[in-house]
Each structure stands twice: as C-alpha cells, then as structure tokens.
Amino acid sequence: MSRVIYNTATTLNGFLADDENSLSWLFVVPGADEAESDFSGFLTEIGALVMGSTTYEWLLEHESLVEHPEKWFYGGKVSFVLSSRTLPVVPGADIRFRSGEVAEIWAELDEAAGENDIWLVGGGDLVGQFADAGHLDQIRVSVAPVTLVSGKPLLPRRIESDRLTLDAVRKAGQFAELVYTVQSGQ
Ligand SMILES: NC(=O)c1ccc[n+]([C@@H]2O[C@H](COP(=O)([O-])OP(=O)(O)OC[C@H]3O[C@@H](n4cnc5c(N)ncnc54)[C@H](OP(=O)(O)O)[C@@H]3O)[C@@H](O)[C@H]2O)c1
C-alpha cells in the first residue's frame with residue numbers, strides 16, 4: 001500500500017514561498033547539501049508525485065525545462081500536475097495533467113505509484129485537498145530559519161495534535177527536519 005507523503009521545505013512561520021512565489025529566502029540557508037543527501041534517499045521510495053500548477057510553472061521557468069528537459073528531476077516517476085489550464089509539457093517526461101477532486105484521480109495515482117510511495121510536492125491547499133479526502137499519511141518538513149510576513153501557506157487546514165504524531169527530528173545544517181504521521185480524520 002502506497003503512503004502519501006507531503007515533503008517540503010518551509011519557513012519557521014509556515015510559508016512555502018513568498019507572495020511572488022520566490023524561494024530566494026530558501027536557497028541562501030546554510031546546510032542545504034545535508035538536507036539534499038537525505039532527500040535523494042526519500043526520492044528512491046517514490047513512485048508518483050503530485051503538484052499544483054503554480055509549483056509546476058515555477059519549475060518550468062526556474063529550470064527552463066521546455067528548452068532543457070534533461071533538467072526534469074523526476075524522470076522514471078509519474079508526475080501528476082493539477083490544473084484547470086493547458087500548460088507546456090516537459091518534452092519526454094511522464095507528466096499527466098489532471099483537474100478535479102482527489103477522489104476522481106486517486107485510483108490512477110495509486111496505480112501509477114505501484115508499490116512505492118506518493119509524494120505531494122505542494123502547494124499547501126493541494127495537500128489540504130488530499131487531507132480532506134483522507135489521503136495524507138505523513139508530513140516531512142524541513143524548517144528553514146526564516147520568517148516571512150506573508151506568502152504561500154504550508155498547509156491551510158486545521159489538523160490538531162490528536163491526528164499528528166511526531167516520529168523523527170533531525171538537524172541538517174540550519175534546517176530542522178520533522179516527520180509526522182497523520183491519522184485519518186474520517
Ligand atoms: N518550499 C518548498 O520546498 C516548496 C514546495 C512546493 C512548492 N513551493 C512553492 O510554493 C508555491 C505554491 O503555490 P500555490 O500555493 O499557488 O500552490 P500550487 O498547488 O502549486 O498551485 C495551485 C494551483 O493549482 C491548480 N489546482 C490545485 N488543485 C487543483 C485541482 N484539484 N484541480 C485543478 N487544478 C488545481 C489551480 O490552478 P489552475 O487551475 O489555474 O492551474 C491552483 O490555483 C509555489 O511558488 C511553489 O513553487 C515551495
């Protein structure tokens with residue numbers, strides 16, 4: 001059975017990106033290399049990943065993926081992009097654009113992941129949609145020593161301590177990595 005895991009970096013006060021979708025605050029934090037090495041191990045367990053269109057468009061632009069599809073980091077895994085719009089495709093990548101309720105795409109996503117796990121890349125509301133549907137098993141956050149006044153929220157849902165169990169804490173450079181198991185709210 002695949003686990004559904006939300007793995008992301010966040011500011012100390014719960015933002016994924018600033019209001020302009022910039023991650024400049026993240027890339028200057030010391031210790032990203034240590035966090036990266038752990039991330040490679042995480043990625044080997046992933047069979048499929050899901051992201052929203054803002055995240056996908058950020059990757060397209062930031063990595064110039066249409067011109068440089070070899071930079072697509074997730075080759076060999078099925079990537080689902082949730083969007084109501086038609087977006088450019090990274091040539092050669094297995095990217096499936098879907099729209100609608102989590103329940104409508106769940107069977108296809110679960111099958112695509114096979115025996116491996118599903119990575120929810122973000123953003124926060126997308127992860128909230130999976131939580132609402134009862135498909136969120138683990139949250140792994142790398143907390144950066146940064147606060148922002150405002151930005152894109154980590155997880156704009158109310159999930160209280162009766163549903164979250166802290167399983168692991170690790171220091172990676174200046175990041176604090178926290179792993180929580182999520183109990184179903186249904
Ligand atoms: N700190 C980190 O490590 C990290 C991790 C992930 C993301 N990020 C950043 O955080 C920001 C997240 O942006 P965001 O909050 O706007 O979230 P997002 O999930 O990337 O994008 C949201 C958009 O996805 C589409 N969408 C979401 N759910 C859908 C559904 N069920 N059906 C159809 N379309 C759906 C909608 O746009 P349309 O329908 O108009 O396409 C929606 O406005 C980005 O800047 C990203 O780069 C940072």
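**Exercise 1.** Work out what covers the buried residues of helix α2.

*Solution.* Start with the helix: α2 spans residues 32–44, where helices (H or I, at least four residues) and strands (E, at least two) are DSSP runs, numbered from the N terminus. Next, pick out its buried residues: A35, F39, F42 and L43 are buried in α2, and buried means under 20% relative accessible area, with exposed over 50% and partly exposed in between (1.4 Å probe, protein chains only). Now look at what sits over them: the cover includes β1 (4–11), β3 (46–52), β6, β7 (138–144), β9 (164–172) and β10 (175–182). Contact here means heavy atoms within 4.5 Å.

Before you go on, keep in mind that this is a predicted model, where local features need pLDDT of at least 70 and side-chain atom pairs count only at pLDDT 80 or more, while totals for chains, interfaces and linings use all residues. Residues are numbered from 1 along each chain as its sequence is written, and side-chain values use heavy atoms, with hydrogens and water left out.

**Exercise 2.** Compare the span of α2 with the expected one.

*Solution.* Take the 13 residues of α2.

**Exercise 3.** Find the strand order of the open sheet and say which strands stand at its edges.

*Solution.* Remember first that strands of a sheet pair through backbone hydrogen bonds, either parallel or antiparallel. Two strands count as paired if DSSP finds at least two bridges between them. Reading across, the eight strands go β5-β4-β3-β6-β1-β7-β10-β9, with mixed pairing. That puts β5 (95–98) and β9 at the edges, each with a single partner strand, so one side of each has no neighbour in the sheet.

Then check some pairings:

- β1 and β6 run parallel, joined by three bridges; Y6 has L120 in β6 as its bridge partner.
- β1 and β7 also run parallel, with seven bridges.
- β7 and β10 are antiparallel over six bridges, and Q138 stands opposite T181 in β10.

**Exercise 4.** Is T11 buried or exposed, and what is it in contact with?

*Solution.* Locate T11 in strand β1. With a relative accessible area of 1%, T11 is buried. Leaving aside neighbours within four places in sequence, T11 is in contact with W25, V143, A144, V146 and L148. One of these, A144, is also the bridge partner of T11 in β7. That strand is mostly covered too, with six of its seven residues buried.

**Exercise 5.** Classify the aromatic pair of F42 and W119.

*Solution.* Here's the rule: rings of Phe, Tyr and Trp (its six-membered ring) pair if their centres lie within 6.5 Å; planes under 30 degrees apart are stacked, over 60 edge-to-face and the rest tilted. The structure holds ten such pairs. For F42 and W119, the centres are 5.7 Å apart and the planes stand at 90 degrees, so the pair is edge-to-face. F42 lies in α2 and W119 in strand β6 (residues 117–122), so the pair ties together parts that are 77 residues apart in sequence. Both residues, F42 and W119, are buried. Finally, step back: F39, F42, Y56, W72, F73, Y74, F97 and W119 make up one aromatic cluster.

How values were computed. Expected span 1.5 Å × (residues − 1).
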